[in-house]
Amino acid sequence: PAPPVAAITINGNAGGTGVLTFSGTTLIDAFTITSTTLNAGSGASITYTNLTGLVINGVSNSDSFLVTSDTTPTTINGSSGNDTFNIRANAAAAPLTLNAAAGTNTLNIGSAVPTVTGNTLAGVIGNITFNGGGNDALNFYDNGDVTAHTFNLSSTTLSSDITAAVV
């Protein structure tokens with residue numbers, strides 16, 4: 001089915017458990033996720049509150065996912081194409097899990113991605129888990145921050161004095 005063309009509002013039960021699962025189309029989808037909205041490129045948004053989880057599924061082709069802010073624990077499942085995950089910010093209480101499928105997938109983290117200049121990592125304060133699925137690239141952009149920071153890179157984790165861990 002096609003993405004919604006009219007605005008939708010979902011109010012979860014405060015203190016309850018409610019997970020919103022949204023799947024894209026077989027076309028190339030461009031998802032935008034904020035702390036209260038999900039847009040699949042149709043121009044109409046799904047507004048949500050009081051959720052305990054958000055699951056977004058790419059279906060096929062080369063989808064893109066832009067997370068500008070996130071306060072709900074979120075899982076994004078890439079599609080079978082070459083997907084791009086752009087993460088600008090996330091909250092400490094909202095772990096973000098990115099599952100890439102087969103293909104050449106790209107994870108970009110920085111405050112202005114997909115633009116590669118003028119970025120900081122200051123807004124990335126929650127844990128991000130990236131499960132690669134093909135020939136994947138991870139790019140971290142902190143070139144807009146004039147303050148010196150310490151980054152620690154191991155074979156499975158990147159952490160710093162300003163961000164949570166990216167696994």
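Is Asn50 buried, partly exposed or exposed? Asn50 counts as partly exposed, because its relative accessibility is 43%. Here buried means under 20% relative accessible area, exposed means over 50%, and partly exposed lies in between (1.4 Å probe, protein chains only).

## Basis of the model

The model is predicted: local features need pLDDT of at least 70, side-chain atom pairs count only at pLDDT 80 or more, and totals for chains, interfaces and linings use all residues. Residues are numbered from 1 along each chain as its sequence is written, and side-chain values use heavy atoms, with hydrogens and water left out.

## Backbone in the loops

Most residues other than glycine have a negative phi, and most peptide bonds are trans. Asn50, which is not a glycine, has a positive phi of about 55 degrees. Its place is the loop between β5 (45-49) and β6 (53-57). Strands (E, at least two residues) and helices (H or I, at least four) are DSSP runs, numbered from the N terminus.

Asn61 also has a positive phi, near 70 degrees, and is found in the loop between β6 and β7 (64-67). With a relative accessible area of 36%, Asn61 is partly exposed. A cis peptide bond, with omega of about 15 degrees, joins Val113 and Pro114. Pro114 sits in the loop between β11 (106-109) and β12 (128-131).

## A buried loop residue

Thr72 lies in the loop between β7 and β8 (74-77). At 6% relative accessibility, Thr72 counts as buried. Leaving aside residues up to four places away in sequence, Thr72 touches Ser35, Tyr48, Leu51, Thr52, Gly53, Leu54 and Ala94. Contact means heavy atoms within 4.5 Å.

## Parallel strands

Strand β9 (residues 84-87) runs parallel to β7, and four bridges join them. Ser64 has Thr84 in β9 as its bridge partner. Four bridges also join β9 to β11, and these strands run parallel. The bridge partner of Asn86 in β11 is Asn108. Two strands pair if DSSP finds at least two bridges between them.

## Aromatic rings

A search of the whole structure finds four aromatic pairs. In one of them, Phe22 and Phe31 are edge-to-face, because their ring centres are 6.3 Å apart and their planes are at 85 degrees. Rings of Phe, Tyr and Trp (its six-membered ring) pair if their centres lie within 6.5 Å; planes under 30 degrees apart count as stacked, over 60 as edge-to-face and the rest as tilted. Phe22 is buried at 12% relative accessibility, and Phe31 is buried with a relative accessible area of 1%.

The rings of Phe85 and Phe130 have centres 5.9 Å apart and planes at 80 degrees, so this pair is edge-to-face. Phe85 lies in strand β9 and Phe130 in strand β12, so the pair ties together parts that are 45 residues apart in sequence. Both Phe85 and Phe130 are buried. One aromatic cluster is formed by Phe22, Phe31, Phe65, Phe85 and Phe130.

## Nonpolar core

In soluble globular proteins, nonpolar side chains tend to be buried together. The largest nonpolar core here has 26 residues, of which Ile33, Ile76 and Leu98 touch the most other members. A nonpolar core is a set of buried Ala, Val, Leu, Ile, Met, Phe, Trp, Tyr and Cys residues joined through side-chain atoms within 4.5 Å.

Which residues does Leu98 touch, not counting residues up to four places away in sequence? They are Ile76, Phe85, Ile87, Leu107, Ile128, Thr129, Phe130 and Asn131.
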